[in-house]
Amino acid sequence: MKGKELIFLLMLIVSLLVLPMYSIGWEALHPESQIDVNIHDTYFIIPTLTAICVYIVFIIFSIYLFRVLLQKFRNKIANLILIVSTMALILIFTFLICLFRLWESTSSGYHSSTEGIVTTQGNVWNVVFWILISIQLALVILLVLTAFKTGRLFGQSQKDSVLLRFTGKESRHN
């Protein structure tokens, strides 16, 4: 079971690396290649390798979330892969929230009043911020739930092995 899961993960990562290269080109793997993102009148320049890594983490998270929910948290390796990809997504969202706050504080939507208090014009940025925070909170809850279920699986398998040794019966799965 472990070998099949790891082979599936390896094939998934290879396919996620190869398939986008046909649409954006193989020169995207060059360390100096970049993607330009235009939001209003601000340009963000993102290294292509960073964008590809975020893409791979998101797809692996999505696939393994579906697999783990379909298998009802019974596959230890799939659970562990989901835990790692969830932690990576939490880190990505933490970076995005920090970047968003930095961008928000330097954008033209802010102005200083005479008392030195910063005020905002509009409520859109607060909504975006709270959406990002909500997604991150949902990811943390999913991480805790998956870790709890996986810990119970490992505890159950340890109890089973102790019980098998105590009774002297051999497992059918060995």
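## Close-up views of the predicted model

**View 1. Ser85 touches Val57, Ile60 and Phe61, where a contact means heavy atoms within 4.5 Å.** Residues up to four places from Ser85 in sequence are not counted here. Ser85 belongs to helix H3, residues 76–106; helices (H or I, at least four residues) and strands (E, at least two) are DSSP runs numbered from the N terminus. Is Ser85 buried or exposed? Ser85 is buried because its relative accessibility is 6%; buried means under 20% relative accessible area, exposed over 50% and partly exposed in between (1.4 Å probe, protein chains only).

The model is predicted: local features need pLDDT of at least 70 and side-chain atom pairs count only at pLDDT 80 or more, while totals for chains, interfaces and linings use all residues. Residues are numbered from 1 along each chain as its sequence is written, and side-chain values use heavy atoms, with hydrogens and water left out.

**View 2. The whole protein chain holds four helices and four strands.** Along the sequence, these elements follow the pattern α-β-β-α-α-β-β-α. The chain has 174 residues, of which 25% count as buried. Of the contacts between residues at least 6 apart in sequence, 63% join residues at least 24 apart. The chain exposes about 12500 Å², by the Shrake-Rupley method with a 1.4 Å probe, and for residues only the protein chains shown count as cover.

**View 3. The largest nonpolar core has 28 residues.** Such a core is a set of buried Ala, Val, Leu, Ile, Met, Phe, Trp, Tyr and Cys residues joined through side-chain atoms within 4.5 Å. Which members touch the most other members? They are Ile60, Phe61, Tyr64, Leu89 and Leu139. The elements that give two or more residues to this core are H1, helix H2 (48–70), H3 and helix H4 (124–167). H3 gives the most, with 11 residues. Beyond its neighbours within four places in sequence, Tyr64 is in contact with Glu5, Phe8, Leu9, Leu12, Ala78, Ile81 and Leu82.

**View 4. Glu5 and Arg67 meet through their side chains in a salt bridge, with N to O at 2.7 Å.** A salt bridge is a side-chain nitrogen of Lys or Arg within 4 Å of a carboxyl oxygen of Asp or Glu. A search of the whole structure finds one salt bridge. Glu5 lies in helix H1 and Arg67 in helix H2, so the pair ties together parts that are 62 residues apart in sequence. Both Glu5 and Arg67 are buried. Glu5 is also one of the contacts of Tyr64.

**View 5. Strands E1 (residues 34–39) and E2 (residues 42–47) pair in the antiparallel sense over six bridges.** Two strands pair if DSSP finds at least two bridges between them. Gln34 has Pro47 in E2 as its bridge partner. The hairpin of E1 and E2 has two residues between the strands, and His40 takes a positive phi near 55° in this hairpin.

**View 6. Tyr22, Trp26, Leu29 and Leu49 form a nonpolar patch on the surface.** Together, these four residues have about 440 Å² of accessible area. Patches are made of residues with over 30% relative accessible area and no salt bridge, like charges being joined within 9 Å and nonpolar side chains (Val, Leu, Ile, Met, Phe, Trp, Tyr) within 5 Å. Trp26 sits in the loop between helix H1 (2–24) and E1. Trp26 counts as partly exposed because its relative accessibility is 47%.

**View 7. Lys72 and Phe73 lie in the loop between H2 and H3.** Lys72 has a positive phi near 55° and is not a glycine. Phe73, also not a glycine, has a positive phi of about 60°.

**View 8. Val140 and Val144 are residues of helix H4.** Val140 counts as partly exposed because its relative accessibility is 34%. Val144 counts as exposed because its relative accessibility is 54%. From Val144 to Ile83, 61 residues apart along the chain, the C-alpha separation is 8.8 Å.
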